[in-house]
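The report below is written for a reader who has the sequence and the model open side by side.

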2 protein chains.
Amino acid sequence: MASNGHASVLNRDGFRQAVVNTLERRLFYVSSFKIYGGVAGLYDYGPPGCAVKSNVLAFWRQHFVLEENMLEVDCPCVTAEIVLKASGHVDKFTDLMVKDEKTGTCYRADHLLKDFCKEKLEKDANITADKAAELKHVLAVLDDLSSEELGGKIKEYGIVAPDTKNPLSDPYPFNLMFQTSIGPSGLSPGFMRPETAQGIFVNFKDLYYYNGNKLPFAAAQIGQAFRNEISPRQGLLRVREFTLAEIEHFVDPDDKSHPKFSEVSSLEFLMFPREIQVSGQPAKVIRLGEAVSKGIVNNETLGFFIGRVYLFLVSLGIDKDRLRFRQHLANEMAHYAADCWDAEIECSYGWIECVGIADRSAYDLRAHTDKSGVALVAHEKFAEPREVEKLVIAPVKKELGLAFKGDQRMVCEALEVMSEKEALEMKANLESNGEVEFRVCTLEKDVTIKNNMVTISKEKKKEHQRVFTPSVIEPSFGIGRIIYCLYEHSFYTRPSKTGDEQLNVFRFPPLVAPIKCTVFPLVQNQQYEEVAKNIAQMLTAAGISYKIDMTGTSIGKRYARTDELGVPFAITVDSTSSVTIRERDSKVQIRVGVEEVASVVKEVTEGHSTWNDMLSKYHTPAAVDEE
Amino acid sequence: MASNGHASVLNRDGFRQAVVNTLERRLFYVSSFKIYGGVAGLYDYGPPGCAVKSNVLAFWRQHFVLEENMLEVDCPCVTAEIVLKASGHVDKFTDLMVKDEKTGTCYRADHLLKDFCKEKLEKDANITADKAAELKHVLAVLDDLSSEELGGKIKEYGIVAPDTKNPLSDPYPFNLMFQTSIGPSGLSPGFMRPETAQGIFVNFKDLYYYNGNKLPFAAAQIGQAFRNEISPRQGLLRVREFTLAEIEHFVDPDDKSHPKFSEVSSLEFLMFPREIQVSGQPAKVIRLGEAVSKGIVNNETLGFFIGRVYLFLVSLGIDKDRLRFRQHLANEMAHYAADCWDAEIECSYGWIECVGIADRSAYDLRAHTDKSGVALVAHEKFAEPREVEKLVIAPVKKELGLAFKGDQRMVCEALEVMSEKEALEMKANLESNGEVEFRVCTLEKDVTIKNNMVTISKEKKKEHQRVFTPSVIEPSFGIGRIIYCLYEHSFYTRPSKTGDEQLNVFRFPPLVAPIKCTVFPLVQNQQYEEVAKNIAQMLTAAGISYKIDMTGTSIGKRYARTDELGVPFAITVDSTSSVTIRERDSKVQIRVGVEEVASVVKEVTEGHSTWNDMLSKYHTPAAVDEE
């Protein structure tokens with residue numbers, strides 16, 4: 001019997017080492033520029049890894065783009081500075097870094113603090129209950145610590161550079177974008193995009209037009225993204241260049257229903273809503289329809305994508321028991337986000353965020369509208385003119401100027417872009433209290449707005465259409481992370497026939513498998529080799545990827561080689577008229593005619609039939625297991 | 001009758017404008033970051049352009065990678081400096097640039113000189129015959145001019161900055177790679193790769209092992225590449241970021257035969273060998289087998305790829321009469337290249353290099369072997385030991401040191417890596433003349449080697465294997481350029497039914513077409529719309545991309561819209577039981593049952609049947625042309 005790779009290996013690190021060794025030895029991936037010593041956080045996908053990636057991306061296109069008629073675009077990686085100024089990346093896409101004061105080696109401040117706390121908790125037997133509670137609290141709030149707080153803790157705990165034990169600098173922000181210069185003048189800074197989404201947002205106006213000026217619609221993009229990590233670790237999970245597949249679904253903020261939600265509403269899977277996390281309970285199985293109707297998930301469209309992402313990941317071979325959808329806590333979400341869920345997959349590194357599904361409201365389109373002066377809005381034409389109450393926000397510039405001097409413009413702009421809900425709340429507060437605290441994001445601080453600084457009113461108007469900024473619901477897929485988790489979930493070992501060694505197997509579904517079948521003559525013999533070549537030609541014509549193995553190695557060894565690449569079917573030529581096809585995981589064989597073999601493999605790998613269908617059609621109990 | 005777009009438009013610029021207008025209006029592509037004014041040389045592919053690109057790449061994978069069992073890899077764009085030092089890009093990947101001395105605006109020096117000569121020749125009626133001959137000569141040798149020669153000509157002709165008429169600086173080299181910094185220290189320079197090939201070369205050792213230590217084999221890579229052009233022009237043809245698809249076929253330098261050459265040897269197409277170019281004759285149709293047997297093309301493997309590239313381009317829809325294979329002239333080729341051919345496609349910008357097919361000999365693997373110290377070599381094991389004559393090159397370090405001082409090491413290394421042919425020539429020259437001029441590439445100069453500085457001899461040895469550096473044959477595809485030329489070759493106009501306007505059509509083959517069919521109800525009516533939705537679902541299930549058009553626009557207008565996107569088939573719902581399918585170019589319709597329509601479209605778009613097959617099966621002369 002095959003043992004379950006995950007359960008049988010007690011030690012997570014040992015299991016990971018076994019997977020990674022196999023992946024590297026079989027060239028699924030290797031360190032980039034290995035002959036020059038490699039560069040941290042950069043990896044090459046070798047032939048099987050590249051094939052898995054291309055299969056995953058082809059299925060993504062089929063499952064999302066084609067199925068939902070999305071508008072796919074393809075934008076450059078080199079991005080003008082102004083785009084990333086507008087999006088906030090130039091100012092805020094940073095990690096806090098500390099430097100070894102003597103050698104200049106850089107570290108992520110939060111990583112050092114995290115490592116310190118974890119090690120202390122795990123290894124210090126003499127730790128007091130109070131200290132333990134304190135360190136656990138630090139770990140819980142780690143992502144919320146300011147630069148000053150992080151620096152304070154590092155000083156307080158006496159944390160030093162891990163390699164040299166030298167003292168560390170105070171933390172300071174390091175922008176994670178790779179910077180470059182566009183053109184020869186040196187005057188046009190550019191960046192390698194940190195995400196593909198911005199390319200879609202800046203094209204909203206054209207895409208909306210292309211879609212016949214109708215909402216909702218979704219645009220999608222697959223491409224490289226770049227993050228100049230301070231000190232990459234966790235192998236394929238935290239890298240400096242990676243493939244993202246992103247969807248931006250534009251929807252009327254007043255109607256986030258989805259016509260196809262009913263197709264996914266009865267799905268049930270592990271969800272981890274905010275309330276459950278806060279209460280300390282584990283994730284639990286919830287029916288998606290219920291999650292939406294109870295308001296756990298903010299709206300149908302968000303729910304629809306959560307369901308589609310679940311189906312996508314499970315079809316790839318992700319174990320549904322090690323997949324959960326975790327809602328962002330209030331402090332994790334951007335202030336503009338309406339709701340946000342991560343598809344997290346459990347692997348030897350813990351629960352890893354692999355897909356983010358966020359309702360980003362109107363934030364991105366507004367930011368680019370403000371910066372470019374081009375209105376990225378949608379229109380709803382009324383059948384006949386409607387009398388509407390319109391909100392008018394009129395900042396009193398003179399009073400704002402007196403109160404805020406140089407900050408006046410920023411405060412004024414922030415007032416003008418308030419949502420209706422925010423404005424009405426402010427109006428109520430001003431009327432009852434005479435003043436109100438107001439967050440100005442562009443200044444990163446709160447200011448006090450007084451009664452005389454702004455008038456907020458509702459006026460009646462006749463309107464022929466409604467003009468509004470659409471909301472964006474964004475499912476964003478880290479393809480490399482999904483693939484790495486898939487490797488761990490697909491890997492298992494089983495004893496060889498003689499029992500003297502453990503053999504590695506990847507149980508990839510045919511959809512994902514890098515090669516769909518191998519072809520080998522049972523023995524080296526010209527007749528069998530001719531048949532093998534003949535079958536190879538038929539496979540090529542059918543568009544099925546295969547590997548042919550003419551070496552004289554024992555059939556058992558050749559099966560083991562092919563299992564280790566996750567090849568689902570092995571065709572063994574043992575006569576000139578018929579051959580056997582062996583299924584990887586069950587090792588069961590069927591016998592089919594030489595002329596049929598390509599079409600049988602095509603049927604099963606393309607999902608038109610299952611292996612069980614083929615078993616009942618072709619299996620004869622007499623079939624010999626040659627291993 | 002449809003008019004041929006190319007022939008009917010007398011004016012190349014006018015034709016180009018018509019194509020480009022259509023492409024931009026229908027969102028095949030747009031300037032990147034358009035709402036911010038755009039950036040020269042960066043473009044976004046909108047939905048139809050993105051679909052065309054994905055179809056071209058999928059076919060490339062099918063035609064090359066799958067068909068030849070190539071090893072596909074996927075390496076990062078961010079590349080460590082040392083890799084591009086070894087390849088020569090850090091030192092030599094430059095264009096000569098001049099600056100407007102007052103404004104600092106940069107121009108490519110050769111472009112300014114070229115523009116000057118062309119304009120003078122075209123517009124100056126008083127030019128003397130001598131002067132005209134001189135300018136023509138300058139144009140002919142433009143690519144060979146040194147920095148000093150270019151500067152001299154610019155001064156001599158009084159060329160000034162085109163925009164301001166200010167004087168220009170002397171030309172100086174500008175490196176075309178986008179530079180960046182890897183990690184936070186600022187101490188690890190990196191570049192955005194200028195080609196994908198280097199990622200394959202540095203992995204040669206692993207790939208050779210993966211292939212069972214057997215030659216020949218080919219590796220392939222599709223990915224983004226970057227060139228920071230000084231002043232991009234020619235739209236999609238000269239851009240700062242582009243998709244390359246490259247193949248590196250590794251082969252024994254002593255045996256460049258190809259087992260499948262016979263499959264392409266009878267192809268006949270336009271070839272433009274060196275001799276014909278030099279003699280001033282036009283390109284002529286040559287049979288590929290003859291070109292190889294007569295030695296016009298250096299070897300079978302190079303010939304095989306020329307043939308496969310021809311088939312690839314013609315299958316995409318490139319007009320074979322505007323496609324030629326041009327051999328590089330001796331002065332165009334790198335010193336190490338054995339032979340090099342460009343697939344050039346004629347478009348409104350002239351003949352454009354779209355695919356380069358080069359026999360780069362052992363250059364790349366040797367360069368990385370030298371720099372990394374890792375031997376990138378292949379082995380041929382002998383059945384029994386062989387007595388071989390082995391070339392021994394022994395530089396006399398003392399003499400070299402006396403003669404070349406600090407350059408000694410470079411000279412010494414250059415001597416050691418001479419090929420057998422070079423070494424034997426040197427030996428003969430030293431014996432007859434006592435000294436010889438010797439090019440040291442790493443020093444970029446010639447040095448004089450004397451008799452006492454090196455001994456070159458042949459010694460007899462028993463060897464069990466042969467160790468050698470494989471030759472590389474590299475077909476390299478500029479995907480964006482191929483697609484742009486395809487747009488021009490596919491575009492034509494034809495009069496509308498009323499004759500009062502010209503309608504645009506792209507005659508894309510189904511393989512390439514961004515959308516395979518459109519579905520529209522003949523009139524707005526709930527029954528027909530239900531049928532249309534039903535057909536849409538069947539198309540999705542069959543994996544066929546479609547667009548549904550429910551607007552009440554006239555059927556003629558809807559056909560015109562769909563023709564302009566190059567959609568090959570339009571399905572019109574005019575009853576609840578059967579529908580018409582109209583072919584784009586002939587406008588002929590067939591009638592098929594609602595249940596059959598998806599499978600008919602699938603058959604034809606996937607190439608299992610032709611439209612003619614369907615015509616004879618379904619066409620009834622009574623079918624009405626609704627336009």
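## Polar contacts and salt bridges across the interface

In this predicted model, 22 residue pairs, both members at pLDDT 80 or more, are in polar contact between chain A and chain B, a polar contact being a pair of N or O atoms within 3.5 Å, where within protein one must be able to donate a hydrogen and the other to accept it, and where residues adjacent in sequence count only if both atoms are side-chain atoms. Helix α3 of chain A (residues 47–66) gives the most to the side of chain A that touches chain B, with eight residues; helices (H or I, at least four residues) and strands (E, at least two) are DSSP runs numbered from the N terminus.

Side chains of opposite charge can pair when their charged atoms come close. B:K34 forms a salt bridge with A:D206, for which the closest N and O atoms are 2.7 Å apart.

## Extent and composition of the interface

Chain A and chain B each bring 75 residues to the contact, where contact means heavy atoms within 4.5 Å. The area buried between them is about 6100 Å², of which carbon and sulfur atoms give 63%; buried area is the accessible area (1.4 Å probe) that two parts lose on being put together, summed over both. In chain A, the residues that lose the most area to chain B are A:I35, A:Y36 and A:Y210, together 13% of what that side buries.

The same surface serves both copies, since 100% of the contact residues of chain A recur in chain B.

Most residues other than glycine have a negative phi, and most peptide bonds are trans. In chain A, a cis peptide bond with omega of about -10° joins A:L215 and A:P216, and A:P216 lies in the loop between α10 (204–210) and β10 (217–226). In chain B, a cis peptide bond joins B:L215 and B:P216, with omega of about -10°. B:K165, although not a glycine, has a positive phi of about 65°, and B:K165 lies in the loop between α8 (147–156) and β7 (172–175) of chain B.

## Basis of the values

Residues are numbered from 1 along each chain as its sequence is written, and chains are lettered from A and ligands numbered from 1 in the order in which they are written. Local features need pLDDT of at least 70 and side-chain atom pairs count only at pLDDT 80 or more, whereas totals for chains, interfaces and linings use all residues, and side-chain values use heavy atoms, with hydrogens and water left out.

Methods:
A salt bridge is a side-chain nitrogen of Lys or Arg within 4 Å of a carboxyl oxygen of Asp or Glu.
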